[in-house]
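Please keep the sequence and the structure in view while going through the points.

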Amino acid sequence: MARISPAERFAAKATPGPVPAGLATPCQLWPEASLDRDGYGRFWIDGRYVPAHRYAYEQTRGPIPAGLELDHLCTVRRCVANDHLDPVDHRTNVLRSNGPAAVNARRTKCKADHDLTDPANVHVSFPPSHPNGMRKCRACAHDRARRTREPQLAPVATLPTRTTPERTAA
Ligand SMILES: [Zn+2]
Ligand SMILES: [Zn+2]
């Protein structure tokens, strides 16, 4: 049997995932079993593990400029789609990780001050637009449902506008 190349081995590991919002192509997901402690894929090559997304980028788009980090535009750490990776400096990477999506994922309270650290109060779903999972506050959902069940009050009748007597010219 012919020896399979690292590129073939690599390609066989990734499976297409959902297309994240704002991107044109699906994520290429590295198997859960081959992730590092931080959730990034790792690929065995030349007797050592390398980060799978960095390998994907360098194989297809060339060397990552010195000092730059690869930011996952899709925010899916185990994604190795080279077009979901953007080389940025560390500062940009940190700033982006303080963006609305990232901040939301770290929030401990919802807008109504309910606890988002309590797993019983948090509903996590995985719609195609949020392959990393989307968190929803159950207490808020409950409140919303109750409000819509409550009978709506009849609109208050508007008072007739007072008419000012027309001043007659002398
Ligand atoms: Zn991706
Ligand atoms: Zn809430």
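**Notes on the predicted model**

1. Confidence. The mean pLDDT of the protein is 85, and 82% of its residues reach 70 or more. Where pLDDT is low, the predicted coordinates should not be read in detail.

2. The zinc ion (ligand 1). Which residues hold this ion? The coordinating atoms are SG of C27, SG of C74, SG of C79 and ND1 of H84, at 2.1 to 2.5 Å. The angles among these four donor atoms run from 103 to 115°, and the site is tetrahedral. Along the chain, the donors follow the spacing C-x46-C-x4-C-x4-H. C27 is located in the loop between β1 (15–16) and β2, and H84 in the loop between β5 (69–72) and β6 (85–88), so this pair ties together parts that lie 57 residues apart in sequence. C27 is buried, its relative accessible area being 0%; H84 also counts as buried, at 0% relative accessibility.

3. The zinc ion (ligand 2). Here the coordinating atoms are SG of C110, ND1 of H114, SG of C137 and SG of C140, at 2.0 to 2.3 Å. This site is tetrahedral, with angles of 102 to 119° among its four donor atoms. The spacing of the donors along the chain is C-x3-H-x22-C-x2-C. C110 belongs to the loop between α4 (100–106) and β7 (122–125), whereas C140 belongs to helix α5 (residues 138–149), so the pair ties together parts that are 30 residues apart in sequence. C110 and C140 are both buried.

4. The pair W30 and F43. The structure contains six aromatic pairs. In one of them, the ring centres of W30 and F43 are 5.8 Å apart and the ring planes stand at 90°; the pair is therefore edge-to-face. The two residues link distant parts of the chain, 13 residues apart: W30 is in the loop between β2 and β3 (42–45), and F43 is in strand β3. Are these residues buried or exposed? W30 is buried, with a relative accessible area of 0%, and F43 counts as buried at 2% relative accessibility.

5. The pair F43 and Y55. The ring centres of F43 and Y55 lie 4.8 Å apart and their planes are at 50°, so this pair is tilted. Because F43 lies in strand β3 and Y55 in helix α2 (residues 52–61), the pair ties together parts that are twelve residues apart in sequence. Both F43 and Y55 are buried. Together with F10 and W30, these two residues form one aromatic cluster.

6. The nonpolar core. How many residues make up the largest nonpolar core? It has eleven, among them F10, W30, F43 and Y55, which also form the aromatic cluster described above. The elements giving two or more residues to this core are β3 and α2. With three residues, α2 contributes the most.

Note on methods. Residues numbered from 1 in each chain as written. Chains lettered and ligands numbered in written order. Predicted model: local features only at pLDDT ≥ 70, side-chain atom pairs only at ≥ 80, totals over all residues. Heavy atoms only, no water. Donors = N, O, S within 2.8 Å, 3.2 Å for Na, K, Ca; no water. Tetrahedral: all angles 85-135°; square planar, octahedral: opposite > 155°, others 65-115°. Helix = DSSP H or I, 4+ residues; strand = E, 2+ residues; numbered from the N terminus. Buried < 20%, exposed > 50% of the residue type's maximum accessible area, 1.4 Å probe, protein only. pLDDT = per-residue confidence, 0-100. Phe/Tyr/Trp six-rings, centres within 6.5 Å; stacked < 30°, edge-to-face > 60°. Core = buried A, V, L, I, M, F, W, Y, C linked by side-chain atoms within 4.5 Å.
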